[in-house]
Amino acid sequence: MDSSTSVALEPVLSFLAFSLSKLESGFYRIPGSAVVARYVKSSHQNDPGRTILELILVIFAIRTLLQSRTRTDRSGKHFIKFSEKEIDELVDEWVPEPLAQPLSEWEQRDLSSVPVISGPNGPKPKLLATGKIVTNLASFNFAGLAGNEKVKERALETLQKYGLGSCGPPGFYGTIDVHLDLEREIAEFLGTEASILYSQGFSTISSVIPAFCKRGDIIVADRSVNFAIQKGILISRSTVRWFDHNDLKSLEDTLISVEKERKKRKGPLTRRFIITEGIFERDGEMVDLPKLVELKLKYKYRLILDESISFGTMGRTGRGLTELYNVPASQIDMLVGSVANGLCSAGGFCAGSSIVVDHQSCIKQRINGTSFVFSASMPALLATSGSEAITFLRNNPSVLLNLQDNIRAIRAVLEKTEGITLLGHRASPIIHFCLRTQQQSLAVTQPTYDYEAEERILQDIVDDSIANGVLLTRAKHLRGQEMVESRPTIRIAATAALSRKEVEKAAGVVKASVTRILSKRR
Amino acid sequence: MPSPMALNPPSRSPSIFKKKKSFSQLSSMATAASYLSAVHQADTRARSHDNSSVSSTPALSLSSSVTASSEDTILNEDDENNCLAYPFTPPTSEQVFTTVHTEFGHCANEAYRCVSKHDYSKPVQEHNIEEPPYYILLTTYISYLILLCFGHMRDFFGKRFTKSYFTHLMPHDGYAPLNSDFDSFYTRRLKRRMDDCFSQPVTGVAGRTIVILDRYSTDNNHTQIFTGGKTRALNISSYNYLGFAQARGGCADAVEESIRRYGVSTCGTRLESGSSELHASAEALVARFVGMEDALISSMGFATNSTFIPALVGKGSLVISDELNHASIRVGVRHSDAQVRMFKHNDMLSLESLLREVVSQGQPKTHRPWKKILVIVEGLYSMEGTLVNLPRIVELKQKYKFFLFVDEAHSIGALGPHGRGVTDYFNIPPRSIDVLMGTFTKSFGAAGGYIAGPKILIDALRLHGHSGLYAEAMTPPVLTQVVSSMASIMGVVPSSQSTKSALTLSPASSIVTLKDGAEELPVMAPSSMLPTWMNLHPALADGSEARMRIRRLAFNSRYLHQGLKKLGFITYGHPFSPIVPLLIFNPGKMSMFSRMMRSRSTPIVVVVVAYPATPLVTSRVRFCVSASHTKEDIDMVLRACDEVGGILDLKHGVGERWGIDEVCKRAVELVHSV
């Protein structure tokens, strides 16, 4: 038996031996194969256990390499295996919530009470609902540029040459020469090296922040910054520390504690930013810019300052807080402003500081600013309107004096009004007021008031004053989505387009409305 | 005709424009008759003195008569480029063109039209990708490898020896660098070397042609120096699908009137006293146009997604997103608290298996059922030119009960027999989709975006979307452009009939008309929806001009697709997509392609895109076809691609190949062949 099997296997064995030797000679013909053979031999060292171990290692490596391409969700410990039938049943059972809930009664009232303007907006617009002409204390027309004939002329000229849309993002033939002109004019106006235009004011800062701040960077921000900044900070994924609203002492404490932490951890030097607003959109407070710049320089932070409200309204010619406090704009690393608010057109900008930072920052934003890169550029005629507005501000410093007069007039009337508290800085072009409570505490962190009830009272005041010929608006916030819930307020936007008399009269109407509504409540 | 491949540097002559002050008295001569005779003269003149180098006085006079006022609209340059300024064939006496040829090309040949509509006898085209030969892939990888090696080596040595160039990348007096050298590697080492192909400043209208500002660089693209010269080039890059980027014409007239009446801004946010009656009428018109109950307008296209998606979904919701969705959608989803899962681009099997998984598994860890699932897809993908497989997704929607959000940024206006986007193309009732989003930047020549859906939803978005409270409202000129261009696509019902047609125009019947078939007109705009002061001229008001635009766009897109294929190029995308990507692969060829196209005797500006906007190997040039292009323009692009592609070795497609002349000759046959 034994010999017969060996005889039967002989051709097979000889074939195997032959093919082995063939393989071996073939293997040695491959360049570099000698090295591999030597490695295998030396690692084998007459110990098959070692070879097997190495083989297992190789197989394991290949397996992990192949595995990493599929998502781990299916193999995770929380994954439950279902049969196809069970999945079908689960799919049938699942009932999603509706995409949107119908509006509540209050929300419906809120929506229907939004004033719609018939014809052009300006100091004295006509309301669509009533057809009445009202005095406008609500729209952002600080320097009175709405309806400016020169701006209109310039827009018409631009239209005839450029059409309306730019039909492309800035990277792909959407950069029109008028955009470059406006960018240069803004930079010259502010005294910075360069600036960059975004096509929507709101999206500007929420795109600027993530363009610079990345994971691991440190942001120190005011607790009450506006919604756009909050969103930008959220997207940036940086480490955030908050300081108390407009409290530079608290800012300094925070900066010191961050520095202490860093020293303790002995971490590498990371980018550090202070983010705050010039004039806070939420309540009209104004930041002490010289002190802020001093702190920024002392602790070596970069400053991102949102001047959406203060640009075009503050200082002698509307250059913003830098002009008001006589701080060179180059001290502010990224100065963000709104062409829509300050220049009555559309869009926003970010102006950069010193040569290096600015040159780099602008290039960086031209690549990393998401809403710059991925969005069509601003229509040409809105850009030239912005340019014309800058010329207007440069040539007419008196309008901002009128604006300050009107602010003082409004505050003078409202300060004497019972039942409300005026918020914000005395020179701020937006004037917030909220209802006065017995405790007189305005600390936003401890709500000692009934948000919804106050909202309703304020809306009654707004409605009443509209009925009496003065357009007002509540400062509206997305409740629940803002980081800090601030007390409901009515926001008055002063304008230079009205005379002092008209403003006083309008403020008087507001005062009367407040008194009327509040007395009804009692 | 353009000369073969002359790699001329861009001309740096100080100015190729000439002031035409002495002929300004002619500028008022804008009637059709004067225009016709002018074009006639131009043509005969161009033919008689073929190579006269400097244009003589008649040319000046007629160019000012054609442009009617703007001196930049028509160039006064060598005869070669007259194919950009004047039509190849002179118009006959019965043809009346109301557009300026440089903005919107004259094309009277009715054979060069096509209807964009899905043929249900064939299955929906899958997104098939043609593979290039292996050596192309290999060389592409090798070139990136070389780039990486050299780049890092230069960084390494540069930081030690030429510190001045790297100060912005190194910590200095206590400040961390604003850019980390690792993050900016690609920007510095690849993009900067071809910066002359990006962010090219332009002037004038981004229509059929565009005027680029000549520039050059002496320091490897660190800074660009403007020569002051300008060059008119054929524009196959702007998102001007229906050709509404015009400084002349009915829409521009309407915008002009609106600036006079409304100024340029509404000074505020929508909810805080920046709402104008124009917003209300534009929103009603958009809702009617897309066939939804209500619509909401936002002043920026990007922000439409990034500020309204967070109001749609929140904690406990799931967003299922196509892997190639636009950045604005990603930002929007990140702003919300919803979870995200991705599926393979346009792969319905991948989507279904993902749906089965997420519905059966529920939320991670807790296994609670999802509150809601929102699938976000784009109608037409801007980098690929692929069209969403909407019929299948709507089928899946019925089964898996998810909500469907279709971003029609590129498809609205550009697709479908009536320009109503993908729903129109597939003849699917728009209301079987929950949310339709789109932009006005592309087909309408305006700016901003809309979101449309059921009234309950839109009202909620008005209050809870970020835009309504915090972002400036859309400005009156932009609104007017939207309303006038959209109304002209819809056609306006004359006011005498509007009472009669009011019954048939109820929202419910609009779906029925859309279903009935392409021949029947879908809803028109009742004249009561337009501002009373807006007088569109008859060709715009009856929708005939817009119909012509839509059909010209379909013809042009299809012709370019098929032509490039027949010439042997690898292209992506749907044959009806106005976005035509042509694959280049090697990064080095990208800038060459762009420069060679730009320096032709008739310059053509193109968009090249590479990593990170596309996968590493598939660098591409992206053509955006417009209705404003004539058949001759597409011929010119094909001819240029043929020559440049031959030199750069780009023709790797499989299938039958034709010569360029045959492609041009048999264009109509090509377009109708698939």
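The structure shown is a predicted model, in which local features need pLDDT of at least 70 and side-chain atom pairs count only at pLDDT 80 or more, while totals for chains, interfaces and linings use all residues. Residues are numbered from 1 along each chain as its sequence is written.

**View 1. Packing of helices H11 and H12 of chain A.** Helix H11 (residues 248–265) and helix H12 (residues 289–299), both of chain A, pack at about 5° with axes 11 Å apart (helices being DSSP runs of H or I with at least four residues, and strands runs of E with at least two). H11(A) and H12(A) are therefore roughly parallel. H11(A) contributes A:Leu248, A:Leu251, A:Glu252, A:Leu255 and A:Glu259, and H12(A) contributes A:Lys291, A:Leu292, A:Leu295 and A:Tyr299; contact requires C-beta atoms, placed from the backbone, within 7 Å.

**View 2. The side of chain A that touches chain B.** Here 94 residues of chain A are in contact with 100 residues of chain B. The most on the chain A side comes from helix H6 (residues 149–162), with 8 residues.

**View 3. A strand pairing between the chains.** Strand E1 (residues 116–118) of chain A pairs in the parallel sense with strand E4 (residues 275–276) of chain B over 2 bridges, where pairing requires at least two DSSP bridges. A:Val116 has B:Ser275 of E4(B) as its bridge partner.

Terms used: Chains lettered and ligands numbered in written order. Axes fitted to C-alpha atoms, helices over the stretch in contact; angles between N-to-C directions. Parallel < 35°, antiparallel > 145°, perpendicular 65-115°, else oblique. Contact = placed C-beta atoms within 7 Å.
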